[in-house]
Amino acid sequence: IFNNARTRDNMAAALADVGKQLASAFAVGAVVAAGKQFIDFAGHLTDLSGKTGITTTGLQKLGLAFESSGVSLDTVSNATLKLGQTLLSGDKSAVHALSKLGLSVQELKGLAPEQMFLKVADAVGSVQDPTEKSYAAIKLFGKGGADLLAGLTGNLTETVAGFEALG
């Protein structure tokens, strides 16, 4: 097909140039995709912040704290919403569960949503009996409370503070 060395060399150079262009196109595509993912994530954080009343920074710290336990930020956010609803409704069994944890509805209502979540999560996480811990988590955080259990260790406030110290 290639009669002389010059044609082969020209063809090889053209193919090398096409290869470089393709590599550049893929690199630009990867950067654009990463940028889109970042924008989507930031938008999602903003939406969750609007729903929960927790700052986007606070949500990021909670997400990091629960990530190693396999608990998603959406699960944490939904649990925070359910906790707020439970406190506002005055549900007697929830009030009783809080009382057993040494917490009061009045005290919690005066806290910012992030602090309220941390205080209740740490109290639930400190319960030693697994059955009581599950009951309290579900009673206070709703169905998602069962999903939170893996990340409720009793030291969530310290973990979040550690992330804050790291910047």
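**Helix pair α2 and α6.** I started with how these two helices lie against each other. Their axes come within 11 Å and cross at roughly 20 degrees. The cut-off for roughly parallel is under 35 degrees, so α2 counts as roughly parallel to α6. I also looked up the hand of the crossing of α2 and α6, and it is left-handed. A reminder to myself: this is a predicted model, and I am reading everything here with that in mind.

Which residues meet across this pair? From α2 I noted G58, K61, L62 and F66, and from α6 the partners are E114, F117 and L118.

**Helix α6 by itself.** I checked its length next. α6 has 13 residues and runs 18 Å from first C-alpha to last, close to the 18 Å expected at 1.5 Å a residue. How many of its residues are buried? I get 10 of 13, so I wrote α6 down as mostly covered. The buried residues of α6 include M116, F117, L118 and V120. E114 and D122 are also among the buried residues of α6, and I flagged both for another look on screen.

**Aromatic rings.** I searched the whole structure for aromatic pairs and got 2. One of them is F66 with F117, a tilted pair at 6.2 Å centre to centre, with 55 degrees between the planes. This pair links distant parts of the chain: F66 belongs to α2 (residues 56–67) and F117 to α6 (residues 113–125), 51 residues apart. I checked burial too, and both F66 and F117 are buried.

F117 also pairs with F141: the ring centres are 5.4 Å apart and the planes are at 55 degrees, so I logged this pair as tilted. F117 in α6 and F141 in helix α7 (residues 130–141) are 24 residues apart, and here too the pair links distant parts of the chain. F141 is buried, as is F117. Which residues do the ring pairs link into a cluster? They are F66, F117 and F141.

**L45.** I moved on to helix α1 (residues 5–52), where L45 lies. Is L45 buried or exposed? Its relative accessible area is 4%, so L45 is buried. Leaving out residues up to four places away in sequence, I found L45 touching T56, L59, Q60 and L73.

**S77.** This serine sits in helix α3 (residues 73–89). I read a relative accessibility of 2% for S77, so S77 counts as buried. With neighbours within four places set aside, S77 is in contact with L48, T52 and L59. L59 was already in my notes as one of the residues L45 touches.

**Whole protein.** I count 9 helices and 0 strands, and the pattern along the sequence reads α-α-α-α-α-α-α-α-α. Of the 167 residues, 32% count as buried. I also looked up how far apart in sequence the contacts reach: among those between residues at least 6 apart, 61% join residues at least 24 apart.

Conventions
Residues are numbered from 1 along each chain as its sequence is written. This is a predicted model: local features need pLDDT of at least 70, side-chain atom pairs count only at pLDDT 80 or more; totals for chains, interfaces and linings use all residues. Side-chain values use heavy atoms; hydrogens and water are left out. Helices (H or I, at least four residues) and strands (E, at least two) are DSSP runs, numbered from the N terminus. Buried means under 20% relative accessible area, exposed over 50%, partly exposed in between (1.4 Å probe, protein chains only). Contact means heavy atoms within 4.5 Å. Rings of Phe, Tyr and Trp (its six-membered ring) pair if their centres lie within 6.5 Å; planes under 30 degrees apart count as stacked, over 60 as edge-to-face and the rest as tilted. The expected span of a helix is 1.5 Å times one less than its number of residues. Axes are lines fitted to C-alpha atoms, for helices over the stretch in contact, and angles run from 0 to 180 degrees between N-to-C directions. Angles under 35 degrees count as roughly parallel, over 145 as roughly antiparallel, 65 to 115 as roughly perpendicular and the rest as oblique. A crossing is left-handed if the near helix is turned anticlockwise from the far one by less than a right angle, and right-handed if clockwise.
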